[in-house]
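Visitor: I would like a quick tour of the charged contacts here. Can you take me through them one at a time?

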Amino acid sequence: MSEIAEKVKAIIIDKLGVEASEVTPEASFTNDLGADSLDTVELIMEFEKEFNVSIPDDQAENIGTVGQAISYLEEHAK
Amino acid sequence: MSLRRVVVTGLGAITPLGNTAPTYWEGLQAGVSGAAPITRFDASKFKTRFACEVKNYNPDTYFPTKEGRKMDIFTQFALIAADEAIKDARLDEEGVDKDRVGVIWGSGIGGLTSLQAECIAFANGDGTPRFNPFFIPKMIADSASGNISIRHKFRGPNFVTTSACASSSDSIISAFNYIRLNMADVVVTGGSEAAITESGVGGFNALKAMSERNDAPELASRPYDKERDGFVLGEGAASLILEEYEHAKARGAKIYAELIGGGMSADAYHITAPDPEGNGVVLVMQNALRDAGISPAEVDYINTHGTSTPLGDGAEVKAIQKVFGEDAYNLNISSTKSMTGHLLGGAGAIEAVACIMAMQHNIVPPTINHFTDDPELDPKLNFTFNKAQAREVNVAMSNTFGFGGHNTSVIFRKLRD
C-alpha cells in the first residue's frame, strides 16, 4: 500500500472512529463507515491539510469511498 | 385557568466538588473548596492563575471519542449531568410520552473553547478559511439542549436561555412555566458552562471581576468576608427533572421537592455593575415570593448569588434585609460559590440542586473562607460561615444575577399535599 493510502486510512480511522479492518477501498464513508454530511466535509478538510492540496467542492462530491479518496490524492498530492 | 403543580423528580451534577450529584453534596456539606491552579491551559502570564475546574475530567470515559470530539466541553458537561438526572428520574422507561418531554437548558456563553480554537487556527493560517464543519454546532449555546434531546428522543419544547450568570435559573423558570401552562409534562432543565480557557479567564480579568489571590486559591472565594477580592471562575453543570405533579405521582416517581415560585427582574442600571441599592434584587425576591404565594417568614434558607465581589455581595444582603425585614435574622444565608466557584450560566442549576439537597438532608451548606467580618454587613445575619448547620429546611430560595442586570429567584418547598 502506498504511503498516501496509509495516511488516508489513518485519517479515516481517527476521524470516524472505525476499525482498520473496515477501511477497505470499496467502503463508503456514509453507507459503511457511519459518516454524516458534516463528517464527510471534515474528512475532505483533513485530506487537504495533510496533503497540502485544495479540493474544489465539485470534485469533493465525487470522493465518497476510501478508494476514491486514495486515487484522488495519489493524483493530486504535492 | 389554574396552573399545574411542578415537582423535582431527578437530579444530576458534574461540579468542581464532585462529578455526580451525591458527591457534589458531600463536598458542599463538608465545606470543601474546589479551587486549584488552572490545568486546562498555561495561565502563567494571566492575572488569575487558578479556578474551580471539574476534577479528573476525561471525556473519553463518558463518550466514544468520535462523539465527544463533536461537542464542546460545555455540552459534554450538559449531557453528563442530564444523563444522571434522567436516570435518577427513570425517564427513559416505557410509559413516558417523549413528545411531552422538553429540554430547556441554560448557558451564559456556550462553546467558548471551540470558538477560541477555531479563531486561533484561522489566525495562524494564510487567510484561507478552513473552519471545521463542527465549529458552529459545537459553539452555539443551544447545542446543549439539542444534543440532550437527540440522545434521549425527547421531542417537547427545546431551547436554551442566555442571561449570563442567571441563565440556568431562567431555564428552570421557563421549564416551570411550560409545565404549569400544560405545554409539556416533563422538562429536563439545568445549565452548564465551561469558560476556563484563555479568552474566558483573560476576559473576566479585564473586567477586574475575578479574585487574583494566586498564593492561596482555596481561600480566594470568600463571599461576605471583608477581604474578598472577586469571584473564582468555576465550570460544570447540573440538571433537574421538572415534572407535573400528577404525572409524577401516577408513575410513582421519587419526588424531591416542589418548585413553588419563580421571579425575574432587571436592574436597568449598568451592563456589569450591580445597582448598589439592590433595587432590582429587591424586586426579584418580591416577585418570586408573590409567585410562590408565601410570606418571607416561611423561607428557611437563601442560597445567595454571593460571588465574592466587593460590590455585589453587599447589594444583595441589603436587598434581603429590605425584603425580609426582621425575618432576615431567622434565615440561614449561604453562598456555596465559596466552594464551587462561579459557574456563570451553570450557577443557577448547581445552586438549585444545593437547595434541594439542603431540604433532603436538613443541612445548610456553609459559606466557607470567613476570616474577617465586613463592618458593612449586619452581624446579626446568619451567613452559615465556615461549617454546615443542621436546620429543618422546608423552603429554600436560590438567587442568581447576571451581567446585563438580569435577576432571577426560584423557590423550592418540601412536598406537601
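Guide: One definition comes before the tour. A salt bridge is a side-chain nitrogen of Lys or Arg within 4 Å of a carboxyl oxygen of Asp or Glu. Note that this is a predicted model.

Visitor: How many salt bridges does this rule give over all chains?

Guide: The rule asks for a nitrogen and an oxygen within 4 Å. Applied over all chains, the count of salt bridges is 28.

Visitor: How far apart are the closest N and O atoms of Asp300(B) and Arg391(B)?

Guide: Asp300(B) and Arg391(B) form a salt bridge. The cut-off is 4 Å. The closest N and O atoms of this pair are separated by 3.3 Å.

Visitor: How many residues apart are Asp300(B) and Arg391(B)?

Guide: Asp300(B) sits in the loop between H10 and strand S9 of chain B. Arg391(B) sits in the loop between strands S12 and S13 of chain B. The pair links distant parts of the chain, and the separation is 91 residues.

Visitor: Is Asp300(B) buried or exposed?

Guide: Buried means under 20% relative accessible area. Asp300(B) has 11%, so the label is buried.

Visitor: Which residue forms a salt bridge with Lys318(B)?

Guide: The closest N and O atoms of this pair are 4.0 Å apart. Lys318(B) lies in helix H11 of chain B, and its partner lies in the loop between strand S8 and helix H10, so the bridge ties together parts 41 residues apart in sequence.

Visitor: Where in chain A does Glu50(A), the partner of Lys7(A), lie?

Guide: Lys7(A) and Glu50(A) form a salt bridge, with closest N and O atoms 3.7 Å apart. The two residues are 43 apart, and Lys7(A) belongs to helix H1. Glu50(A) belongs to helix H2, residues 37-51.

Visitor: Which residue joins Lys7(A) and Glu50(A) in one network?

Guide: Lys7(A) is partly exposed, at 33% relative accessible area. Glu50(A) is partly exposed too, at 39%. Salt bridges with shared partners bring in one further residue, Glu3(A).

Visitor: What does UniProt list for residues 2-77 of chain A?

Guide: The span is 58% helix and 0% strand. Its end C-alpha atoms lie 12 Å apart. In an unreviewed entry, UniProt lists these residues as "domain: Carrier".

Definitions and conventions: Residues are numbered from 1 along each chain as its sequence is written. Chains are lettered from A and ligands numbered from 1 in the order in which they are written. This is a predicted model: local features need pLDDT of at least 70, side-chain atom pairs count only at pLDDT 80 or more; totals for chains, interfaces and linings use all residues. Side-chain values use heavy atoms; hydrogens and water are left out. UniProt positions are given in the numbering used here, feature names are shortened, and annotations may be inferred rather than shown by experiment. Helices (H or I, at least four residues) and strands (E, at least two) are DSSP runs, numbered from the N terminus. Buried means under 20% relative accessible area, exposed over 50%, partly exposed in between (1.4 Å probe, protein chains only).
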